[in-house]
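Here is a short tour of one protein model. Keep the sequence and the 3D view open as you read.

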Amino acid sequence: MANAVLKALVLASTQRSFHRRIFHLSTNKLKSLRSDISTSNLQTYKRKQRTQKSHFSMAAVSVSGKKPITQVIFDMDGLLLDTEKFYTQVQEIILARYNKTFDWSLKAKMMGMKAIEAARVFVNETGISESLSAEEFLVEREEMLRDLFPTSDLMPGASRLIRHLHAKGIPVGLATGSHRRHFELKTQGHRELFSLMHHVVLGDDPEVKQGKPSPDIFLAAAKRFEGGPVDSQQILVFEDAPSGVLAAKNAGMSVVMVPDPRLDSSYHATADQILGSLLDFNPSDWGLPPFEDVEN
Ligand SMILES: O=P(O)(O)OC[C@@H](O)CO
Ligand SMILES: [Mg+2]
């Protein structure tokens, strides 16, 4: 029975007659599943099906009719702005003093969090908390970051996607772990673009009691749309960080993840869709108005 359902899925995706979201979500998975079918390896399929539950549950809800996406919430650092590299640079410099190296397993745990939460992870995980407290780390990091943030560049496809959704009347909000001062520094070269956001919820917002992966920030953002709170099932979130993807899922929302290629792929499983870049986003996958400018 399971094999029959799988065959139907694969066939439909091949013919591109099925809901586009399904095959776009799991192109690689489908490729490998196709080979499973050809060898009739049901056991392999079942094992993969268990580990890829999120992809299949999404396929199921697509078929049974999911609520349409009406609002979009963007993360900022590492998703819209190329700022994660600044944190990495500075943290490498600080750790080098202790003859330690900063790696992506630690990065994965810190990114997306509020500053003080990330700082605690940093000093504890690296074992330097006796020499440098989380608060001291933040003071030291701050000096370097405040010169780097104003040079922030947009990530590929960020401007195009925000402008497209705004032009089509899809309300967009921002939910970033960054606090107000950092937000202002990072966005100072991109004011006009960020002004297209219906609202912005920052990490130091009083309603955000706990940072990502707590759902606080996304639930606060859902409330602030016109006529909010908007039903979480109608909100699509864009995130780059494992903690951010979890936060959005904890809030009951759908998530497109655009991870840094250096992030371990085990973090991809929680997201509903994985993209290499915002340029790869196809609004039609989510029932949103399509781009008119194919080249941009
Ligand atoms: O939530 P974002 O915008 O990724 O910001 C978190 C930031 O503090 C750096 O990781
Ligand atoms: Mg981010």
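## Helix ends

Helix α10 is followed by Gly169, whose phi is positive, near 80°. Helix α14 is followed by Gly252, and the phi of Gly252 is also positive, near 85°. Helices (H or I, at least four residues) and strands (E, at least two) are DSSP runs, numbered from the N terminus.

This is a predicted model: local features need pLDDT of at least 70, side-chain atom pairs count only at pLDDT 80 or more, and totals for chains, interfaces and linings use all residues. Residues are numbered from 1 along each chain as its sequence is written, while chains are lettered from A and ligands numbered from 1 in the order in which they are written.

## The chain as a whole

The protein chain has 14 helices and six strands. Buried residues make up 38% of its 296 residues. A residue is buried if 20 or more other C-beta atoms lie within 10 Å of its own, exposed if 12 or fewer, and partly exposed in between; C-beta atoms are placed from the backbone.

Two residues are in contact if their C-beta atoms, placed from the backbone, lie within 7 Å. Take the contacts between residues at least 6 apart in sequence: 65% of them join residues at least 24 apart.

## The sheet

In what order do the six strands of the open sheet lie? The order is β3-β2-β1-β4-β5-β6, and the pairing is parallel. β3 (199-202) and β6 (273-274) stand at the edges, each with a single partner strand, so one side of each has no neighbour in the sheet. Two strands pair if DSSP finds at least two bridges between them. Strands of a sheet pair through backbone hydrogen bonds, either parallel or antiparallel.

| Strand pair | Bridges | Facing residues |
|---|---|---|
| β1 and β4 | four | Ile73 and Val237 |
| β4 and β5 | four | Phe238 and Val256 |
| β5 and β6 | two | Val256 and Gln273 |

Now look at β4. Five of its five residues are buried. Ile235, Val237 and Glu239 point one way, and Leu236 and Phe238 point the other way. In a regular strand the side chains alternate between the two faces of the sheet.

Helix α10 (residues 158-167) has buried residues Ala158, Leu161, Ile162, His164 and Leu165. They lie on the same side of α10, because they cover an arc of only 165° around the axis (the arc is that of the directions from the helix axis to the C-beta atoms). These buried residues pack against β1 (71-74), β2 (172-176) and α12 (191-194).

Helix α14 (residues 242-250) is mostly covered, with eight of its nine residues buried. Among them are Pro242, Val245, Leu246 and Lys249. The cover over the buried residues includes α7, α13, β4 (235-239) and β5 (254-257).

## The nonpolar core

A nonpolar core is a set of buried Ala, Val, Leu, Ile, Met, Phe, Trp, Tyr and Cys residues joined through C-beta atoms within 7 Å. The largest one holds 57 residues, and Phe74, Val201, Phe218 and Val237 touch the most other members. Helix α13 (residues 216-223) gives the largest share of this core, six residues. Leaving out residues up to four places away in sequence, Phe74 touches Leu79, Leu80, Val172, Leu174 and Phe238.

## Around ligand 1

Which residues come nearest to ligand 1? Of the 13 residues around it, they are Met76, Asp77, Met111, Thr176 and Gly177. A residue is near a molecule if its C-beta atom, placed from the backbone, lies within 6 Å of it. The shell has five nonpolar, six polar and two charged residues. Ala, Val, Leu, Ile, Met, Phe, Trp, Tyr, Cys and Pro count as nonpolar, Asp, Glu, Lys and Arg as charged, and the others, Gly among them, as polar.

## Two loop residues

Met113 lies in the loop between α7 (104-110) and α8 (115-125). Is Met113 buried or exposed? Met113 is buried, because 24 other C-beta atoms lie within 10 Å. Met113 and Lys212 are 99 residues apart in sequence, and 5.5 Å apart in space, C-alpha to C-alpha.

Gln233 is found in the loop between α13 and β4. Gln233 is partly exposed, with 14 other C-beta atoms within 10 Å. Setting aside residues up to four places away in sequence, Gln233 touches Lys67 and Gly252. Gln233 and Lys67 are 166 residues apart in sequence, yet 6.5 Å apart in space, C-alpha to C-alpha.
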